[in-house]
Amino acid sequence: MFLRFLLIGGLGFVIDASLTYLLVRQGIPPWVARVPAIVLAMTFTWLANRYFTYRVKATRSASEALRYAIAAITMAMVNYLIYLILVQNGLPPVMAVTLATACQTAISFYLYKHLVFKV
């Protein structure tokens, strides 16, 4: 299950880092570019984790969506804070996305498994 989580997370990372990179190349400040990248990556990973990683059979519920939103927003804030600190200290944006994402991966797996999808 963790390997599937890493695969989906890796794809989410590619979405996140690629969109961040493209927006920064268009002249958008790195701290602004990251916001739509996170939103798109979170939407992808929620659906992919639900159906592929945790193989949830029950229909989606408002309760699950709320738990996911809380966990994802919390993890996104942790990720974004780490990202900002790294960028402000001179790290290139894509490298900062990489390190910030690595820092929050294990916590995300636990939250999704035990609180969101209750596997």
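The protein contains four helices and zero strands, where helices (H or I, at least four residues) and strands (E, at least two) are DSSP runs numbered from the N terminus. Along the sequence, the pattern reads α-α-α-α. The radius of gyration, 14 Å, is close to the 14 Å given by the globule rule for 119 residues, so the protein is as compact as a globular protein of that length. This radius is taken over C-alpha atoms, and the rule is 2.2 Å times the number of residues to the power 0.38.

The structure is a predicted model, in which local features need pLDDT of at least 70, side-chain atom pairs count only at pLDDT 80 or more, and totals for chains, interfaces and linings use all residues. Residues are numbered from 1 along each chain as its sequence is written, and side-chain values use heavy atoms, with hydrogens and water left out.

The C-alpha atoms fill a box of roughly 45 × 25 × 20 Å along the principal axes. The accessible surface is about 6,800 Å², and 74% of it belongs to carbon and sulfur atoms; areas come from the Shrake-Rupley method with a 1.4 Å probe, and for residues only the protein chains shown count as cover. Of the 119 residues, 36% are buried (under 20% relative accessible area; exposed is over 50%, partly exposed in between; 1.4 Å probe, protein chains only).

Ala37 lies in helix H2, which spans residues 30-53. This residue is buried, its relative accessible area being 0%. Beyond its neighbours within four places in sequence, Ala37 is in contact (heavy atoms within 4.5 Å) with Asp16, Leu19 and Thr20. Thr20 is 17 residues from Ala37 along the chain, and their C-alpha atoms are separated by 5.8 Å.
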